Every structure is written in structure tokens, then in C-alpha cells.
Amino acid sequence: MTSALTLPNGSQLASSWAEAPSGSQPLPHDLDHLLALRVPGLIATRRHLHSHPELSGEEFETAALIARELTLAGLHPRLLPKGNGVICDIDGRPDGPVVALRADIDALPLTDVKDVSYRSTVDGVCHACGHDVHTAVLLGVGMLLAQLADAGQLDGRVRMIFQPAEEILPCGSLEVIEAGGLDDVVQIFALHCDPNQPVGRVGLRVGPITAAADNVTVKLTGPGGHTARPHLTVDLVDALGRLVTEVPALVTRRVPANSGLLLVFGHASAGTRYNVIPSEACAAGTLRVMDRDTWERAPEIVAQVVRDVLAPTGATVDLEYLRGRPPVSNDARAIGILTAATAAALGPEGIAETPQSMGGEDFSWYLEHVPGALARLGVGRAGGPTMDLHRASFDVDERAIPVGVRVMVQTALRALAAAR
């Protein structure tokens with residue numbers, strides 16, 4: 001039951017934070033000692049995943065590695081139908097409840113620019129959102145809870161979900177749900193890396209913790225023509241300029257200010273020659289909003305504003321509004337469990353308040369079916385610059401890995417006890 005992935009002996013990171021933090025409660029059944037032994041392998045696993053990232057929907061080798069590690073721990077993982085995700089139950093008391101823990105496993109289409117030994121070896125692909133950390137944490141949780149189950153000390157079943165395709169649409173969480181990932185589950189929990197919190201702190205919030213996030217693509221067409229005679233054609237560059245500058249501001253005027261609606265275009269293109277008015281133009285972006293009611297109305301609002309702004313230009317408009325994900329709204333009881341678990345794992349000083357983020361998270365689709373909560377795991381490097389998510393330079397303080405394992409083990413145990 002040893003991992004094939006290990007750090008060199010004597011690694012400073014291998015022992016950092018392996019011991020229980022001051023003010024914390026020991027894990028049951030001598031799991032603190034087992035965690036200390038496992039930390040080097042978990043860090044090595046994270047570094048391997050960071051070096052070998054896979055894009056959303058293509059996480060086949062990542063899923064195979066996860067399945068191998070879980071099998072080494074004496075568990076029985078099963079692959080999702082496409083083979084790019086894993087579900088694995090840790091069976092304790094057969095008449096007990098089922099609690100789920102989720103980690104996302106996909107990477108982003110970015111080029112890794114870090115000068116580290118575990119830099120991505122895949123051109124244009126990088127774990128710039130911490131999903132490699134989420135995966136390593138949940139593997140560690142599985143190894144510890146498997147020991148507890150073997151000893152007859154697990155008060156129910158814990159389902160580990162290693163989910164693909166969090167970063168794209170359609171969302172990978174929907175694949176998991178369709179594959180039965182939430183069958184019999186009474187609560188579900190997840191962690192997400194937060195570089196704005198230092199290691200040893202976990203951000204918690206009741207209610208919405210992320211925004212809803214949708215994709216908006218607008219394609220414009222016209223006859224094209226000469227830049228000397230725009231009056232004889234449809235000037236798509238002018239139309240595109242109106243679209244990307246006027247529509248975002250006007251959309252916000254159609255909704256309450258406290259809804260936090262934000263429409264931002266990240267792509268705009270038109271034309272190839274300085275003296276040719278193009279016949280095609282395109283802009284694409286995201287719409288994010290903090291409250292559920294406004295999210296429900298957003299497609300209709302955007303469509304109307306786009307029509308109103310572009311009608312005078314004469315451009316033919318094709319609007320594609322792709323539903324993404326609703327806000328993650330944390331259940332109060334689930335946050336109560338996470339709060340108690342964080343205090344037990346890290347001491348009371350480990351609990352931190354966290355604001356609602358404008359980022360989107362497809363963990364929200366699980367919460368449409370069962371109650372649960374998402375927490376923010378501090379991964380910030382002390383004394384170093386904050387490296388925001390989705391940047392090619394993103395990295396973490398790896399001491400966060402054993403911290404995350406402690407928190408999620410305590411969360412699973414408390415959730416099982418509360419559901420009895």
C-alpha cells in the first residue's frame with residue numbers, strides 16, 4: 001500500500017505541516033501518523049500531475065493514475081463511462097449514510113511559465129487553477145479513510161468523485177450526476193484552492209460563494225466592401241465596436257445593481273486587411289451574476305440589448321447564449337459541519353470568512369440535487385506575491401495538501417455522524 005510516486009528522502013516539504021497543527025484535534029485511529037508518512041507521496045503525485053496536465057474532457061491518463069493509487073490503497077475505483085473521471089466508494093457501516101467529496105482534475109489551455117522542476121511538459125496546457133492539488137488532497141483522504149474503514153471505524157460510506165471537465169461547457173459535473181455519482185448521497189463537499197488565503201486557513205461562507213457563469217458569442221455578417229465607401233455596405237468593424245463597448249454597460253442597466261451582473265468580452269475579431277470592410281465579425285465573452293433570479297432572466301436581457309444596439313448598423317446578428325452554471329450556494333448545515341471540521345483539523349484560527357467570488361464553479365450543479373458546501377483552501381505562499389488563479393505563473397504552497405487532507409477527513413467523519 002505504498003505509492004509509486006515519492007519525493008526524495010529528506011525533502012523539507014515532505015515533513016512541513018505533516019504534524020497536527022497546534023490547537024487541532026488528533027485524527028482518530030492514529031491517522032496523524034499515517035498522514036505524515038503519506039505526505040511525501042501526495043506532494044510527488046501533485047507534482048507529477050502538474051508536469052503531465054490534461055485538458056478538460058481528455059483526462060484519461062490522470063484518471064488512470066487516480067485509479068491506480070486508489071487500488072493500491074485497497075479500494076475499488078470505477079471509471080466514468082468516457083474513462084476520464086473516477087468514482088470510488090469507501091465502504092464503512094453498511095446501514096450508514098453516504099457522504100460525497102469531490103475534486104476536479106482538468107487543466108487549462110495555458111503555457112506554464114514557471115521555472116520549477118515540475119513545470120508542465122505539455123505545450124500549451126497547465127494546471128493553473130489548482131486542480132492537481134484538489135486531486136492530491138482527495139487521494140490522501142481516500143488513503144486515510146480506507147484505513148479507518150478497514151478498522152471498522154467508518155460510520156457509513158464516503159464517495160470520492162474525481163471529476164473531469166470543470167473548466168468547460170457542458171460541465172463535467174453533469175456527466176458525474178448522469179453516471180449515478182449522487183445516488184444515495186445525503187451531502188457533498190469540496191475544496192478549491194485560494195491563493196489569497198495563507199496556508200492553514202480555510203475560507204467559509206453560508207449562501208452564495210461563487211457567481212453564475214454563462215458564455216455569450218455574437219457573430220455578425222454583412223456584404224463586406226471597400227473602406228472608401230462604408231455607406232454602400234455594412235461596416236462590421238463599427239458594429240463590433242458598438243457591441244463590445246455599449247452592450248455590457250447597457251445590460252447592467254436592465255438589472256438591479258446588487259445583482260452583480262458582469263458581461264465581459266474576452267475575444268473580438270474582424271477583418272484581415274486595412275482597406276477591406278469584412279463580411280464577418282465575432283465577439284465572445286462571459287456573463288457572470290451573483291444572484292439566481294437575475295441569472296434566470298439574463299439570456300432574454302442580453303438578447304434584447306444586443307438587438308437594440310446593433311439594429312441601426314444593418315448587421316445580421318447570430319447570438320449564441322450558452323448556459324454554464326448557477327451560483328454555488330452553500331447550505332448552512334453543511335457550512336456548520338465544515339466549520340467544526342476546520343476547527344478540529346487546524347484549530348479555531350484556521351477558520352476564515354470569504355467573500356462571494358465572481359468566478360464560476362460547476363460544483364453548483366451537485367447542489368441542485370443534494371445539500372453541501374464548497375470551501376476555499378488557503379494555498380498562498382508566505383512572503384511571496386499572490387499568484388492569481390488562471391495565470392500561467394500560478395503555483396501553490398504545497399503544505400496546503402496535508403492541511404486539505406485533515407480538513408476533508410474531519411468533514412467526512414462529522415458529516416457521517418450528523419446524518420445518522
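## The largest pocket

The largest pocket is lined by 40 residues, and Glu 167, Arg 288, Gly 359, Gly 360 and His 390 lie nearest its centre. A pocket here is an open set of points on a 1 Å grid over the protein atoms alone, with protein on both sides within 12 Å along at least five of seven lines; lining residues have an atom within 4 Å of a point. The model is predicted: local features need pLDDT of at least 70 and side-chain atom pairs pLDDT 80 or more, while totals for chains, interfaces and linings use all residues. Residues are numbered from 1 along each chain as its sequence is written, and side-chain values use heavy atoms, without hydrogens and water.

The volume of this pocket is about 920 Å³, taken as the space filled by probe spheres set on grid points joined across faces, edges and corners. At least two lining residues come from each of β5 (185-198), β8 (212-221), β10 (262-270), β12 (280-289) and β16 (372-380). Strands (E, at least two residues) and helices (H or I, at least four) are DSSP runs numbered from the N terminus. The lining of the largest pocket has 15 nonpolar, 16 polar and nine charged residues. Nonpolar covers Ala, Val, Leu, Ile, Met, Phe, Trp, Tyr, Cys and Pro; charged covers Asp, Glu, Lys and Arg; the others, Gly among them, are polar.

The largest cavity holds about 60 Å³ of space and is lined by Arg 102, Ala 103, His 134, Val 137, Leu 138, Leu 191 and Met 408. Helix α4 gives the largest share of this lining, three residues.

The second largest cavity has a volume of about 40 Å³. Its lining includes Pro 195, Val 379 and Asp 395, and by class has four nonpolar, two polar and two charged residues.

## Packing of α3 on α4

Helix α3 (residues 60-72) packs against α4 (residues 131-150) at about 20°, with the axes 9 Å apart. Axes are lines fitted to C-alpha atoms over the stretch in contact, and angles run from 0 to 180 degrees between N-to-C directions. The two helices are therefore roughly parallel, the term for angles under 35 degrees.

In the contact (heavy atoms within 4.5 Å), Ile 66, Glu 69 and Leu 70 of α3 meet Thr 135, Leu 139 and Met 143 of α4. These residues divide into four nonpolar, one polar and one charged.

Note on methods: On a 1 Å grid over the protein atoms alone, a cavity is a set of points where a 1.4 Å probe fits but cannot get out, and a pocket is an open set with protein on both sides within 12 Å along at least five of seven lines; lining residues have an atom within 4 Å of a point. Angles under 35 degrees count as roughly parallel, over 145 as roughly antiparallel, 65 to 115 as roughly perpendicular and the rest as oblique.
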